[in-house]
Number of protein chains: 2
Amino acid sequence: MQLIVKKFGGTSVATIDRIKAIANHLAKEKQKDLSIVVVVSAMAKTTDQLISLAKEISPKPHARELDMLLTAGERITMSLLSLALHELGVQSISFTGSQSGIITDTIHGNARIQTVNAFRIKEELEKGKLVIVAGFQGVSLEKEITTLGRGGSDTSAVALSCYLNASKCEIYTDVDAVYSADPRIVKTAVSYKHISYEQMLYLAYQGSGVLQSRAVEFAYKYHIAVEVKSSFTFKEGTMVENMECSKVKAIAHKDNLRIIEIKCLEEDFSTLLKSIKTELFTYFIYQSNLFLIVEDKYLEALQADIINSKEMQGKSEILLDGKSYASIAITGFRVAYDNDFITSLLDVLSSHSITVYHLNNDGIGLSLLLGHHNLNEAINLIHNRFIEV
Amino acid sequence: MQLIVKKFGGTSVATIDRIKAIANHLAKEKQKDLSIVVVVSAMAKTTDQLISLAKEISPKPHARELDMLLTAGERITMSLLSLALHELGVQSISFTGSQSGIITDTIHGNARIQTVNAFRIKEELEKGKLVIVAGFQGVSLEKEITTLGRGGSDTSAVALSCYLNASKCEIYTDVDAVYSADPRIVKTAVSYKHISYEQMLYLAYQGSGVLQSRAVEFAYKYHIAVEVKSSFTFKEGTMVENMECSKVKAIAHKDNLRIIEIKCLEEDFSTLLKSIKTELFTYFIYQSNLFLIVEDKYLEALQADIINSKEMQGKSEILLDGKSYASIAITGFRVAYDNDFITSLLDVLSSHSITVYHLNNDGIGLSLLLGHHNLNEAINLIHNRFIEV
């Protein structure tokens with residue numbers, strides 16, 4: 001029997017009504033003679049509420065206990081969804097990350113999946129049950145409860161798809177497809193039926209919130225067919241898969257960025273970069289200075305990391321200008337290697353008095369750093385000129 | 001090193017400030033060179049909130065999934081308390097019921113503890129850590145998460161005290177001792193330093209909310225020294241222990257009781273009583289009819305149980321009068337066998353026009369059924385006349 005893994009994120013299970021809607025969808029799917037594994041996140045805001053309780057107690061909560069706390073979130077969703085399925089007469093069973101056999105390393109708060117011993121899931125699937133799994137969480141070989149960090153539930157779903165040999169991994173979210181740009185900013189943005197792993201990965205890194213980059217990496221590595229779909233319409237979405245030649249052109253963006261400039265000896269850059277959490281920022285080097293680009297919400301954490309890093313003690317000067325930045329990244333056939341494209345891109349922006357602070361060619365795409373206030377205008381200009389044609 | 005088990009109920013951990021206060025107490029206790037295991041309940045109202053979410057989905061939630069849902073409650077408390085202890089520099093570690101090795105049968109929602117394989121707790125205690133355990137929950141031999149039902153956390157604490165060979169089990173609550181009557185009703189009620197297991201068990205059955213009867217039974221059976229204490233003052237409370245001759249006289253009461261009268265053949269009583277949940281009610285038989293005394297909040301569930309019981313199909317007539325009742329139970333040296341006492345008790349009540357609907361001699365105490373509106377007056381009359389002297 002064909003096995004499908006379906007993942008529902010926090011906004012998809014935010015209320016009891018949303019949970020009931022998903023149970024209805026699953027009840028219909030189950031009639032299709034499919035094996036189904038459902039991965040759920042915590043209900044929207046639950047994780048934030050739990051974190052804020054922890055922060056009331058400790059500014060830097062103990063990582064092992066914080067994981068124990070946060071995993072209550074998915075536990076609540078998974079059991080509520082299972083209750084809703086039982087109410088519809090669908091035999092289902094919910095499992096924690098630990099019960100699902102999602103084995104991780106011991107890095108609390110940012111654990112990596114080592115393997116999945118999914119024998120309990122398989123047993124229940126064989127009995128014809130729909131299995132619900134708590135996303136975002138696992139258990140270490142030391143039997144400690146761990147969480148996978150940002151994008152954890154997407155990663156759980158892709159990893160389960162891999163170890164269960166699923167024919168597809170469906171990621172349900174609040175958008176219905178991968179678009180050529182954020183449709184809230186670009187009204188004429190178009191959706192795609194297919195996109196390649198490489199491009200999806202690039203868009204994920206560059207700020208498209210549709211899929212988490214870790215999950216795309218995992219899917220890419222093991223060739224898991226992933227579909228991005230809407231948990232509101234359940235219609236056909238975008239397939240992320242191997243494609244020899246993708247015609248997709250798309251824009252991702254990040255907003256509310258800050259730049260930290262570090263003046264120090266160039267030979268110290270690599271030791272510094274190794275000692276701080278690299279998932280929080282991107283960087284470039286210009287005129288012997290190191291520039292870290294970081295989202296506003298991570299600024300404090302990153303500054304603390306830099307100041308506390310042994311390698312930098314007393315060696316550096318850290319500057320922070322008062323400006324807010326944004327980045328735009330464009331991916332598409334030959335974008336990165338087409339000098340004509342790059343020239344006309346810069347022409348269009350400068351003719352609208354939009355300053356480009358930094359341009360980076362990432363091989364598969366091109367990213368620009370500009371002022372926060374120019375973001376919407378620049379995305380629309382670029383989309384109109386280079387994507388829609 | 002001496003081992004103490006300390007249990008904190010829902011009102012004791014209701015807020016972040018309460019959790020911090022308890023962490024402070026524990027930090028001081030830890031300096032005394034004690035081994036400490038702390039058992040916590042869910043924060044007050046959390047369990048009710050989770051149940052109401054489940055009820056929004058299903059009027060009769062699937063028992064296995066409801067247990068999965070509810071166990072999120074203690075998980076939140078235990079990790080928050082552990083975070084608070086780490087903040088104070090106390091090395092602590094929190095364990096779920098499953099991690100603690102609390103093995104139960106498979107009766108979801110009302111599981112019984114079979115054994116405790118507390119090797120992880122022991123390992124951590126040996127490292128000098130303070131161990132926090134989620135009360136109310138366990139794991140079955142089939143590896144399913146279970147909950148222990150009413151009074152579950154008290155029972156967890158007493159069972160852990162037994163299997164860990166603790167020198168004392170301290171039950172922290174919102175009163176500071178066992179009193180001769182509810183101090184909210186009887187202003188002159190006195191507190192006791194000691195009470196016997198038998199009397200405590202009687203009071204627990206008869207409505208004293210201080211300790212759960214299951215926990216007292218367990219403590220009695222294995223001779224666990226239990227102390228009832230206040231989580232607000234942390235002062236010396238009441239020791240529940242073996243006493244040859246207890247001088248304690250005390251009153252327990254229940255309010256908002258309803259009476260279900262069942263007319264049926266007397267030989268059906270025992271099969272009926274076996275088929276319904278006996279922890280929800282007490283009963284007596286009068287003039288060939290069966291009378292079930294039940295708290296108002298369980299009335300609907302009990303009626304449904306009776307109507308659905310196979311044994312009673314079509315055989316019985318069920319009557320419910322519109323009245324609200326209350327019960328008063330008195331325990332103390334020879335109370336139950338002293339006819340003079342019983343006579344003067346009834347005299348006092350009748351001289352105040354208080355009707356006694358039923359009187360029951362339970363061996364260790366005497367219980368009376370009277371009208372809800374007479375409760376406060378009757379308790380004060382009895383306390384004033386027979387307990388204070």
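This is a predicted model: local features need pLDDT of at least 70, side-chain atom pairs count only at pLDDT 80 or more; totals for chains, interfaces and linings use all residues.

Reader: What makes H7(A) "mostly covered"?

Author: A residue is buried if 20 or more other C-beta atoms lie within 10 Å of its own, exposed if 12 or fewer, and partly exposed in between, with C-beta atoms placed from the backbone. Seven of the nine residues of H7(A) are buried, among them Tyr197(A), Met200(A) and Leu203(A).

Reader: And which residues are buried in H8(A)?

Author: In H8(A), residues 213-222, they are Ser213(A), Arg214(A), Ala215(A), Val216(A), Phe218(A) and Ala219(A). Those buried residues pack against helices H6 and H7 and strands S13 and S14 of chain A. Helices (H or I, at least four residues) and strands (E, at least two) are DSSP runs, numbered from the N terminus. Just after H8(A), His223(A) has a positive phi of about 55°.

Reader: How do you know that S16(B) and S17(B) pair?

Author: Two strands pair if DSSP finds at least two bridges between them. S16(B) and S17(B) have six, in the antiparallel sense, so they pair. One bridge joins Tyr283(B) to Leu292(B). The hairpin has two residues between the strands, and Gln287(B) takes a positive phi near 50°.

Reader: Which residues count as being in contact?

Author: Two residues are in contact if their C-beta atoms, placed from the backbone, lie within 7 Å. The contact takes 23 residues from chain A and 23 from chain B. H4(A) gives the most to the side of chain A that touches chain B, with 10 residues.

Reader: Why is the relation between chain A and chain B called a two-fold axis?

Author: A rotation of 180° with 0.0 Å of shift along its axis superposes chain A on chain B, with RMSD 0.1 Å. That is the relation of a two-fold axis. Copies are superposed by least squares on the C-alpha atoms of residues with pLDDT of at least 70 in both. In chain A, the C-alpha nearest the axis belongs to Ala72(A), 2.5 Å from it. The same surface serves both copies, as 100% of the contact residues of chain A recur in chain B.

Note on methods: Residues are numbered from 1 along each chain as its sequence is written. Chains are lettered from A and ligands numbered from 1 in the order in which they are written.
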